[in-house]
Amino acid sequence: MDLTKLTIGQMAGLNRVSTQTLRLYDRDGLLTPMITDPDTGYRYYHISQSARLDMIQYMKDCGMTLRQIRDTLDSEDTAAIKAFLSQQRHTINQQIEALTSRRRGITRLLENYRKYETLPKDQQIFMEYIPDRYIYSYTTDTDYFNQDHLHLGYEYMLRELKIHLSDEEFDMSYFCNVGTIMRREALLSGDFSANEVFLFVDPGEKEMEPEVLPASMYCCICSDDFYTETENARRMLDYIESHGLRVCGDYLCEVLVDFPVFRDGPRNMFYKLEIPVDTER
């Protein structure tokens, strides 16, 4: 093999590219065979052209178009290459953040489906230890418990939260794990009221200033019926009282799973009511 006079097939084989690729680069003016035989008109590559080919492939892998590569190499402007690479790195970092956010949302959904598969579904009261969690809560103009149609009020509360998250440019992937919160005072008063919606967030979300839900034993009930929540909350309070326990925090209604809505209609979901308790008097 004459390394100073390589056929297109030889050049392609040495560089692990296709002959179609070399023809494309030739047509676009990126890499033209260096040698032309004056007798036959055949054109040949020189092995030293592999350096330019390596650069073309590298810049292509970095996200440059063929036109950008040609213009950059022809201008011999290394500053332009550096500027492009800096911008490309910024773009890739943004894509990584977006994908990380999307993966986090999917992970939360899968974990909630796992919980759904294992938790009691017959509105049975049970106790569960739950470690520290972090939430972002938003006060709406709607009181969930004082609506003629609870599902309509809840839906509007979610719209308010979603608009707020968008306005603040917060990560929308958290919107997959939401619920309502009733503060301890309102719960114990018996006059239920809840105008806050919340979503679980990671503790590192400093801009959101997350609220900590301390680790605790929780009295819990699961259901898929909007209209049994008030009754179930009162049942939980009776259970807590009869077992010598004390409410030590705020009441949560955590939506674990939103089932697909195949036709126009109300939200179909499975939720878990949670009241933190301790044995102190």
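## Basis of the report

Because the model is predicted, local features need pLDDT of at least 70 and side-chain atom pairs count only at pLDDT 80 or more, whereas totals for chains, interfaces and linings use all residues. Residues are numbered from 1 along each chain as its sequence is written, and side-chain values use heavy atoms, with hydrogens and water left out.

## Salt bridges

Side chains of opposite charge can pair when their charged atoms come close. Here a salt bridge means a side-chain nitrogen of Lys or Arg within 4 Å of a carboxyl oxygen of Asp or Glu, and a search of the whole structure finds 17 of them. One of these joins the side chains of E111 and R114, with a distance of 2.7 Å from N to O. Both residues belong to helix α5, residues 78-118, and since they are 3 residues apart there, about one helical turn separates them. Helices (H or I, at least four residues) and strands (E, at least two) are DSSP runs, numbered from the N terminus. E111 is partly exposed at 32% relative accessible area, and R114 is also partly exposed, at 43%; in this report buried means under 20% relative accessible area, exposed means over 50%, and partly exposed lies in between (1.4 Å probe, protein chains only).

Another salt bridge, at 3.0 Å from N to O, brings together the side chains of R133 and E274. This pair links distant parts of the chain, because R133 sits in strand β4 (residues 133-139) and E274 in strand β11 (residues 268-278), 141 residues apart. R133 is buried, with a relative accessible area of 12%, and E274 is buried as well, at 0%.

A further salt bridge, at 2.6 Å from N to O, is formed by the side chains of D250 and R183. D250 is in the loop between β9 (246-247) and β10 (251-259), while R183 is in the loop between β5 (178-182) and α7 (184-189), so the pair ties together parts that are 67 residues apart in sequence. Of these two partners, D250 is buried at 19% relative accessible area, whereas R183 is partly exposed at 23%. Salt bridges that share partners also join E128, R133, E254, K272 and E274 into one network.

Strand β5 is mostly covered, with 5 of its 5 residues buried.

Two strands are said to pair if DSSP finds at least two bridges between them. β5 is joined by 4 bridges to strand β6 (residues 196-200), and these strands run antiparallel, with G179 standing opposite F198 in β6. β5 is likewise joined by 4 bridges to β10, again in an antiparallel arrangement, and here I181 stands opposite L252 in β10.

## The surroundings of D250

Leaving aside residues up to four places away in sequence, D250 touches I181, M182, R183, R184, E211, E274 and P276, where contact means heavy atoms within 4.5 Å.

## Two loop residues with positive phi

E76 has a phi near 55°, a positive value in a residue other than glycine. E76 lies in the loop between α4 (66-75) and α5, and with 70% relative accessibility it counts as exposed.

Q123 likewise has a positive phi, of about 55°, although it is not a glycine. Q123 is found in the loop between α5 and β3 (126-130), and at 26% relative accessibility Q123 counts as partly exposed.
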